[in-house]
Amino acid sequence: MSALDIQYPESEEAIARIVVEAGKANRPIEVRGGGTRLDLGRPVQSASVLSVAKLSGITNYDPSELVMAARAGTPLAEIEAALAENNQMLTFEPMDHRPLLGAVGEPTIGGVFAGNVSGPRRISAGAARDNLLGVRFVNGSGEIVKSGGRVMKNVTGLDLVKLMAGSWGTLGVLSEVIFKVLPRPETAVTIAVSGLNDAEAAEAMAAALAMSVEVSGAAHLPESVIARFAGGSLKCGPATVLRLEGLIPSVEVRTGRLVAEMGRRGTVSVLDGDVSAGLWRDIRDVTPFADGSMKPVWRVSVAPSAGHQLVAALRLKTGVDAFYDWQGGLVWLRMESDPEAGLIRQYIKALGGGHATLVRADAATRASVAVFEPQPKPLEALARRIKDQFDPAGVLNPGRMTAGM
Amino acid sequence: MSELIAFLEPDRAILDRRPAIIADLAGLLPDSCLITDERELVPFDTDAFVSYRRMPLAVVLPETTAQVAAVLKYCNENSIPVIPRGAGTSLSGGAIPQEDAIVIGVSKLNRILEVDFSNRAAVVQAGVTNISISQAVDADGFFYAPDPSSQLACTIGGNIGMNSGGAHCLKYGVTTNNLLGVKMVMFDGSVVEIGGKALDAAGYDLLGLICGSEGQLGIVTEATVRLIAKPEGARPVLFGFESSVAAGACVTDIIGAGIIPVAIEFMDKPAIEICEAFAQAGYPMDVEALLIVEVEGSDAEMDAMLERIIEIARRHGVKTIRESQSATEAALIWKGRKSAFGATGRIADYICMDGTVPLGQLSHVLEKTSEIIDRYGLRVANVFHAGDGNMHPLILFDANDPDESMKAEMAGNDILKLCVDAGGCLTGEHGVGIEKRDLMRHQYSDADLAQQMRVRAAFDPKWILNPSKVFPLDGRNGSQPGNQSADDRTAA
């Protein structure tokens, strides 16, 4: 992998030519956006790289339609700046993986959707895939394909849009994405409940989500990680944090109700402004584990009530630090040394199912441990058949998600 | 009578084997789950797209996933087409059978298996009706968000097949945004489980693909769906305008101002008249267009939001504003809207279009729709989900007049093409079925469709599942069984 051959196509047609050539030469290619998530996933076995970084620019944006279209290589920063100018945002809060992975470069909008990268607001506003309305891509045969469009509701044919989200460039090279945007909330506040253990926090979060107060973020930060959030401005001890957003009068009413309910469970404080915003950015970006090390970090998705049980079980067996997002259903684990893939996956299964992704580990580990959750046989066979229908020659990101696929 | 829309020609060999096939089915599931009598088959010969009818070979109504699997395995081995069916409320002909097909109905799979409030999820069988999920969790303060107009009857299995929406999906999304997992029987009778109570599933997004696949990828027998905490209160408000254009512009401005109500529904004058005559909902009769804007939350929250919406409506010269003062009044306002299709059906035959357009195109598309309708000498009532651009023109006609029936279908096709040309799509929530199948090339290139069909074949190599639907009959990959030609009742 020394002399990497990187190509920067500036059009869909150019992508298609590169893919066709690669197929003819039986020379697989690694597909990249800004390259900030290259170390997430299995190492791709290829000598050449296709980067969409120069296929860039917002192609359609009328703020009153709440929809934006952009070429895949458009920097996320450019998208967010254009949205901010119109007081809008990407509602799914895509995580920035750079701090955690120690990566450099500019995340692209194509990369965000290829990885279905979502953040805390996923519990109320959906994941990246829920906000992706349309795609254009080049499949492994070099054909230019579109699916979906620029309207909010669309059931016209099979939803290849969802399939492309989270396929990590293994089914096609995204060339353009069309996605939903939403107005920024007028205000956001965070209700922090101190002193709950993990199990009590899970109950508190479930209770908050059962109230009609529209919680848009629900995380639990155990004592071991608390100092590394919001610049250390939270009090000592564990904090269970709940975010409310919306029109000012509405948030005021809901804050009152939520504080009253949570006050029965622990000491409550209310954070707002930059402290609140910074806190959720840290949760989104997994800041406490962005420690410059290569200690294995897992992203585990389970039923919300199972998250703390998983962590409790793991703690009896191995060195692990953890915090919770998505009402407890998204668990971030940092392992002391061994990734313990078998143990983690065994426990997830025992707790009712879910999946674990090894988000950070050195390349040797990522080549030997299944980074993405191994699928049951019939589903893996189905995934292989699907991959074959997009990329029969196996040209695109071979092995990125699954060995030999 | 000749028909515009073709079906695959029935496979003579399958028809000839009917007695043997029925005998085989009788070995796979109890007699009470098998329907073969001609008269008893009649209710299954169409769905809510009643212009087209085909008698199926037989209907099975399994009581277990294992029975679904046994029948599907048998059909695959014998290359017999299968038509999955929920409650048969499809407006696009998604559940219309064909003579050589076996209908697998999920109506007996009607149990709610588990309600899990701490994980805000319900596990239900596919034949459970949409409304019964919300009813089951109502007392505990939750609901299931997608609410198609047919929610009293339609099943969750059908909702998944068509990725159903409803009036309230502006805020809460459609089925695909509220589905966490499925148990599904594959073409060969194998059973897979995808997703569960976690918010996302591993691997490729198969749930996203299955949702809206119109029964072509497998038969869902169980679903895990998201439950959402019910708002404290909800208040629909009526806004009457002098013109459709003003109402459309008001919608754009409400959304553009950063206010996302839970629903914004639009009705034009003919729709207002039809619905008011049926429901006596108190709709204003002296306006050209009506918006039903629903806000939710506590009283203080609703007041705050309404204040801003009213200010915007005033800028667009709103003529009437009527807030519902009680739960009864609110229910009545929605009754009028939700009975639009039924009320229309009382005065004429109709077909309902479902194109979706970008919000900025609403006024333009409404205007052009009128022109198209005038050109064919027909009448139209517009009632739709304005907040997300999902148009529902109801084209009125007399089904006993073959000429007018044909005109209605042609006008519908022209309107859908108009929606696509305006940057939209053929169908927002009703599905392609047979109704819009032959228009797919207007929206998609051959390469787009070929990619979709290859994915379909990855799930159903012999194309036995709902084979006449979604994809134009000509130009298929050639991987489906039987004959690609149209049957002889069909106009060329």
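Tutor: Two strands pair if DSSP finds at least two bridges between them. Helices (H or I, at least four residues) and strands (E, at least two) are DSSP runs, numbered from the N terminus. This is a predicted model, in which local features need pLDDT of at least 70 and side-chain atom pairs count only at pLDDT 80 or more, while totals for chains, interfaces and linings use all residues. Residues are numbered from 1 along each chain as its sequence is written, and chains are lettered from A and ligands numbered from 1 in the order in which they are written.

Student: Over how many bridges do S4(A) and strand S5 of chain A pair?

Tutor: Strand S5 covers residues 67-71 of chain A, and its pairing with S4(A) is antiparallel. Within this part of the chain, A:Asp62 has A:Val67 of S5(A) as its bridge partner. The number of bridges between S4(A) and S5(A) is four.

Student: Which are the edge strands of the open sheet of five strands in chain A?

Tutor: The order of that sheet is S4-S5-S9-S7-S8, with antiparallel pairing. An edge strand here pairs on one side only. In chain A these are strand S4 (58-62) and strand S8 (144-148).

Student: Are H8(A) and H12(A) roughly parallel or roughly antiparallel to each other?

Tutor: The axes of helix H8 (residues 198-209) and helix H12 (residues 307-315) of chain A come within 9 Å and cross at roughly 170 degrees. Angles under 35 degrees count as roughly parallel, over 145 as roughly antiparallel, 65 to 115 as roughly perpendicular and the rest as oblique. The two helices, H8(A) and H12(A), are therefore roughly antiparallel.

Student: How many residues of the side of domain 2 of chain A that touches domain 3 of chain A come from H8(A)?

Tutor: Chain A is divided into domain 1 (1-183), domain 2 (187-284) and domain 3 (287-377), with bounds from an automatic or database domain assignment. In all, 17 residues of domain 2 of chain A are in contact (C-beta atoms, placed from the backbone, within 7 Å) with 16 residues of domain 3 of chain A. Among the elements giving two or more residues to this side of domain 2 are strand S12 (215-221) and helix H11 (273-284) of chain A. H8(A) gives the most, and its share is six residues.

Student: How far apart are the C-alpha centres of domain 2 and domain 3 of chain B?

Tutor: In chain B, domain 2 spans 234-340 and domain 3 spans 348-421. Their contact takes 19 residues from domain 2 and 14 residues from domain 3. On the domain 2 side, H10(B) gives the most, with seven residues. The distance between the two C-alpha centres is 22 Å.

Definitions and conventions: Axes are lines fitted to C-alpha atoms, for helices over the stretch in contact, and angles run from 0 to 180 degrees between N-to-C directions. Two residues are in contact if their C-beta atoms, placed from the backbone, lie within 7 Å.
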